[in-house]
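Have a look around before reading on.

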Amino acid sequence: MRKIISIYKLLAINAAFQHNSSKLAFAFGLRFILIFSFIVFSFSLVAQPLNGNSRKLAASLYAVSSLYVDSVNDGKLVEDAITGMLEKLDPHSNYLTVEEVKEMNEPLQGNFDGIGVQFNMLTDTLYVVQVIPGGPSEKVGIRAGDRIVMVNDSVIAGVKMKNTDIMKRLRGPKGTTVRVKVLRQNIPELIEFKIVRDKIPINSLDAAYMAGKEIGYIKLNRFGATTHKEFLDALTDLKKKGMKKLILDLQGNGGGYLNAAIDLADEFLGNKELIVYTEGRKSPREEAVASAKGAFEKGALVVLIDEYSASASEIVSGAIQDWDRGVLVGRRSFGKGLVQRPIPLPDGSMLRLTTARYYTPTGRSIQKPYVKGDKESYEHEMIDRYKRGELMSADSISFADSLKFYTLVNKREVYGGGGIMPDLFVPIDTTKYTDYHRDLVAKGALMHATMNYIDKNRELLKKEYSSFEKFQQNFKIEQSLFDDLFALAREEKIEDNPEEFERSKGMISLQMKALIARDLFDMQSYYEVINQQNEDYQKALEILKTPALYQELIEGKK
């Protein structure tokens, strides 16, 4: 019993460290742990009395485990019971297995142990898209374009293996060795490499470059442990290049650590300005406020958001909007404003239990509406937005007057209860997207044709385009690449459609050019190319180049 109590003390310290939530909320989580420990280990816990409902649940599970006609998996019974209970709550409370906990934490913690490559699966073959500079694979000579066909003694090519299964084979503890066999263009035999695994960084920042005179651009893909430092490093570099105005791109950024969002927002807001607060039934109000030191408290700011910007992205954009610190451009954000408290369980699994809601400085709830226990409707909400035309027209979006709030400086109208609505709505341009284009992307034909082209022409391309600037200015998609694309499309049973191809040709060409740039240079090059047809990005440039327009939007006059 003493050992069990020590474990729970350790869990209490761990959970309290991960989130500064109330003691009452943690007491609930601790009691939950005790209840299920009783079920799994079948002993009476004197540390916490069980109420009638808890006894009923424990007795039911114990009866099934002990008396059911067939053998049962006790651990699976407990997991199913937990999952079933959480499904009756909000859409974001969930149960994670030990493996799922590890997979969830890796992208946010900033690194993992592996071989250091980014890859895509093409026709059941692992295609190396990029080799991480300074990583284990680069040190032994792996190149972009290589196809890894064997890992140790296992063939991974042509066997329809899942990405997760491949990663399990490639990843492993730092210092351990993995053997891979690689197929390389123009070399008939497989090349074998012995790679010593090492720490591989996971970056939050995809791109940071000068988008125009005095205008910088920073793209963040998540809010992780290293996000704040990556942002500050990029900001410092851009300032040295003359940046005075900034585009912060949070499109597609699904969130991450709350502290990372608070640290980022702090760089834009003034001393003691409220960034966000949380509050729940058993969680007293807790506030996060800006400090006196902000790296970009002055200077025009545009934040890009879309329907996939969620959670931490909404905290940052909501705070910037509420304080009239910058202009938000794009489409209404996802609407994820529930706080999940991690509650570790004895076997390393975890509950992520919703304990509070996020509120912006004006008091707006970020969370969109949901019905308890109806996760299916919640998950289809994005499709519903598309069907009712919200992504194409701001007129299709309606907010109740009861959800109306006013910004803290210029008293502009803003709304809560369903994500963050941008100051300037930019609809999706449906004229250039076609079913033919969608099928080319979804079935991998566009990616496959591009990779084939790079394979055949890599050395020539590197020689002709020694810098990204030359590539950006001079490279054009050749007709032979389109012909290869059409042939691969037919192999994937995609019917020819010349009319739809012509409508989407500009976007198809740009996507191919961006993928080639990523392969030859880096991820930043990809965004420098693809942003040429990003309507939100182009609108942000227009706003920052037109001070009067920026001021009108900040003051709510437009």
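**Cores and rings**

Of the 98 residues in the largest nonpolar core, the ones touching the most other members are Ile218, Leu248 and Ile516. Such a core is a set of buried Ala, Val, Leu, Ile, Met, Phe, Trp, Tyr and Cys residues joined through side-chain atoms within 4.5 Å; buried means under 20% relative accessible area, exposed over 50%, and partly exposed in between (1.4 Å probe, protein chains only). Helix H17 gives this core its largest share, nine residues. There's also a second, separate core of 18 residues, with Val117 and Ile148 among them.

A word on where this comes from: the model is predicted, so local features need pLDDT of at least 70 and side-chain atom pairs count only at pLDDT 80 or more, while totals for chains, interfaces and linings use all residues. Residues are numbered from 1 along each chain as its sequence is written, and side-chain values use heavy atoms, leaving out hydrogens and water.

Now for the rings. The structure holds 15 aromatic pairs, meaning Phe, Tyr or Trp rings (for Trp, the six-membered one) with centres within 6.5 Å; planes under 30 degrees apart are stacked, over 60 edge-to-face, the rest tilted. Phe468 and Phe521 make an edge-to-face pair, 5.9 Å centre to centre with 80° between the planes. Phe468 counts as buried because its relative accessibility is 9%, whereas Phe521, at 25%, counts as partly exposed. Both belong to a cluster linked by ring pairs, which also includes Tyr453, Tyr465, Phe471 and Phe475.

How values were computed:
Helices (H or I, at least four residues) and strands (E, at least two) are DSSP runs, numbered from the N terminus.
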